Every structure is written in structure tokens, then in C-alpha cells.
Amino acid sequence: MMSKDIACVFDLDGTLYSQSSLAIENMRKIVIKTIACNYSISIDEAIDIYRSLPATYPNPYDGFQSVGISPEKYQSFFVDIEGWKDINTDSNLKTLFMKLTSLADVFIVSFAPQIHVSNMLKAIGIDSYVLRTYSVSKDTEYKKDEFFKKISEKYSTRYAIGDVFENDLKPALNWGYDIFLVDNSSSKENIYNIILKIISLINS
């Protein structure tokens, strides 16, 4: 099947499922416990450090390295929690992805390792609608920029969708993407309504 001339690039965690999910909460707990062990401090003190990281280090890998958690160690946490076991099929998202992929090619660009991305997409029920997934690595300096550039070279119309501007959307602006910030706690800016907006834009 010939590729379309429209690309939709989604972040995964916090975008296609909520930041309040058990999978993400378990990840937070592992990171906080590791910080506490690394510094021999209490969990409450580690929580304070964890919460302060995004303001100084927009890229999570930079933040975690600053508290003694290597990129390889951080990626191993995704495997350890097996977060996909806590995620149910999202029939509404599945229906929207089916409609979207009739109009555009869909990509996932994630900070998580490929095994986590693959398992989560299967659990949500949208894996068959995703053309390709990309995960940051040492080769990409644990940043998403290279993937946005690669996709931009093949598509004249490009949309980037994510829940963190600095990491998911700002790099895409450099390559001419229209961006959409997801807030799954909002009735207006949740992932379902964002996809509906994009479908409407494509059809207009």
C-alpha cells in the first residue's frame, strides 16, 4: 500500500493513556525508590527531588542521570514494571485510530524502549494501526529530534501529538510540524478530541 502524504506522530506514555495510570505510577515509585537508595535518604525526600527534576531537566534522561540513574537503568524499569498488564483495550481510541489511518500514516516516537512500546500498543489495541515505532537510544542522544527530522523528509503535512511540550512537541516545531498538546485530564484537550480535531483538519 502506498504511503500517504500526511504523518501523525504520537508520543506514548501520558499521551495515548493517562499519566494517572497504574503503569506510570509504578514507574514513578521505582524511580523514587532508586533515588532514595542512591542518596541514602527517605522516600519523602526522594519524592521532593523527583518532583524538582522536570523544571531543571526537561529531558527525563538528563534528569535521571543527574541523580545517578543511567539511561540503561531507566529503560530497564519499563521492562520490570510490565506496565502493559495494567492497561485495558481502549475501544474508543481504536475506533479513532482506524479512522485516522485511513487518512494519514501514524508513528509513535517514545522515550521508552521498543519492548515497552510494542506491549503497550498491543494492550491498548492500536498496534495494527501504527506504521512504525521509534525509541530514543544512545545513538540518538536520548532525544526525539532525529525521528521528527526523518519523518519530515517523507511527508508534506505533519502533525505531532504529545503531553509534554518540551520533549514531545518542541523538537517537532523545528521540522515544520503542526503540534497538539494533549491533556487527558481535560474534557476538551484529551487524546480523543485531539484526534477528532486532526481528522477534521485533514478533511477540510
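Which residues does Y129 touch, not counting residues up to four places away in sequence? They are K94, F97, M98, T101 and V106. This is a predicted model. One of these partners, F97, also belongs to the contact between helices α5 and α9.

- Y129 sits in the loop between α6 (114-124) and β3 (132-135).
- Y129 and K99 lie 30 residues apart in sequence. Their C-alpha atoms are 9.7 Å apart in space.

**F97 and the nonpolar core**
- The largest nonpolar core has 66 residues. F10, L16, F97 and I161 touch the most other members.
- Helix α1 (residues 22-39) gives the most to this core, with 7 residues.
- F97 touches F10, L16, V106, I126, Y129, V130 and I195, leaving out residues up to four places away in sequence.
- In soluble globular proteins, nonpolar side chains tend to be buried together.

**Packing of α5 on α9**
- Helix α5 covers residues 91-100, and helix α9 covers residues 191-203.
- The two pack at an angle of about 15 degrees, with their axes 10 Å apart. An angle under 35 degrees counts as roughly parallel, so α5 is roughly parallel to α9.
- The crossing of α5 and α9 is left-handed.
- From α5, the contact draws on N92, L93, L96, F97, K99 and L100. These meet I191, Y192, I195, L196, I198, I199 and I202 in α9.
- The residues of this contact divide into 11 nonpolar, 1 polar and 1 charged.

Key:
Residues numbered from 1 in each chain as written. Predicted model: local features only at pLDDT ≥ 70, side-chain atom pairs only at ≥ 80, totals over all residues. Heavy atoms only, no water. Axes fitted to C-alpha atoms, helices over the stretch in contact; angles between N-to-C directions. Helix = DSSP H or I, 4+ residues; strand = E, 2+ residues; numbered from the N terminus. Parallel < 35°, antiparallel > 145°, perpendicular 65-115°, else oblique. Left-handed = near helix turned anticlockwise from the far one by under 90°. Contact = heavy atoms within 4.5 Å. Nonpolar A, V, L, I, M, F, W, Y, C, P; charged D, E, K, R; others polar. Core = buried A, V, L, I, M, F, W, Y, C linked by side-chain atoms within 4.5 Å. Buried < 20%, exposed > 50% of the residue type's maximum accessible area, 1.4 Å probe, protein only.
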